[in-house]
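Thanks for coming, everyone. Let me walk you through one chain, piece by piece. Please look at the screen.

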Amino acid sequence: MTRKIETIEKEKYTERELENLANDIYGDEEVVVLGMRMQSLYILKRLDEPAYSELLEGLQEYVDWYICPICKEEHEDESDADDCCPENGPESDN
Ligand SMILES: [Zn+2]
């Protein structure tokens, strides 16, 4: 099929996944503050939220999702969007 399928760019990772990525890359060292153990990333978030957001944003990736031209539903795979709704309703003449 050749009908045009529009795409939308979506964030690949959730904040939680980005935090896991950051921990994998930079280490999830815990710091003891007044006897309480805290994760480095947690401390960064509390101390300097813009720096925390910038760090996660730097790890974010964007992927294209495909929009069904009929019902506008978003699909991760182009073929799913293409197969989502029959082009001419239930009747087809090819
Ligand atoms: Zn559809």
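Start with strand 1 and strand 4, residues 62-67. Six bridges join strand 1 to strand 4, and the two run antiparallel. A word on terms: helices (H or I, at least four residues) and strands (E, at least two) are DSSP runs, numbered from the N terminus. Two strands pair if DSSP finds at least two bridges between them.

Two notes on the source. This is a predicted model: local features need pLDDT of at least 70, side-chain atom pairs count only at pLDDT 80 or more, and totals for chains, interfaces and linings use all residues. Residues are numbered from 1 along each chain as its sequence is written.

Back to the strands. Glu 6 faces Ile 67 in strand 4. Is strand 1 buried or in the open? Of its six residues, 6-11, the number buried is zero, so strand 1 lies largely in the open. Buried means 20 or more other C-beta atoms within 10 Å of a residue's own; exposed means 12 or fewer; partly exposed is in between; C-beta atoms are placed from the backbone.

Now widen the view. Three strands form an open sheet, in the order 1-4-5, with antiparallel pairing. Strand 1 and strand 5 (74-75) are the edge strands, each pairing on one side only. Strand 4 and strand 5 are antiparallel too, over two bridges. In general, strands of a sheet pair through backbone hydrogen bonds, either parallel or antiparallel.

Stop at Tyr 66, in strand 4. Its bridge partner in strand 5 is His 75. Tyr 66 has 20 C-beta neighbours inside 10 Å, so it counts as buried. What does Tyr 66 touch, leaving aside neighbours within four places in sequence? The contacts are Ile 5, Thr 7, His 75, Asp 77, Glu 78 and Ala 81. Contact here means C-beta atoms, placed from the backbone, within 7 Å. Tyr 66 and Glu 76 are ten residues apart in sequence, and their C-alpha atoms are 6.2 Å apart.

Next, the hairpin. Strand 2 (residues 30-33) and strand 3 (residues 36-39) run antiparallel, joined by four bridges. Val 31 sits opposite Met 38 in strand 3. Two residues lie between these strands, and in this hairpin Leu 34 takes a positive phi near 50°.

On to the helices. Helix 1 (residues 15-26) has twelve residues; at 1.5 Å a residue they should span 16 Å, and the end C-alpha atoms are 16 Å apart, which agrees. That expected span is 1.5 Å times one less than the number of residues. Just after helix 1, Gly 27 has a positive phi of about 90°.

How do helix 1 and helix 3 (residues 49-59) cross? Their axes come within 9 Å and cross at roughly 90°. From helix 1, the contact uses Glu 15, Leu 18, Leu 21 and Ala 22; from helix 3, Leu 55, Leu 56 and Leu 59. By type, that is six nonpolar, no polar and one charged. Axes are lines fitted to C-alpha atoms, for helices over the stretch in contact, with angles from 0 to 180 degrees between N-to-C directions.

Last, the whole chain. There are four helices and six strands. From the N terminus, the order is β-α-β-β-α-α-β-β-α-β. Buried residues make up 5% of the 94 residues. Among contacts between residues at least 6 apart in sequence, 52% join residues at least 24 apart.

Technical notes: Contact = placed C-beta atoms within 7 Å. Nonpolar A, V, L, I, M, F, W, Y, C, P; charged D, E, K, R; others polar.
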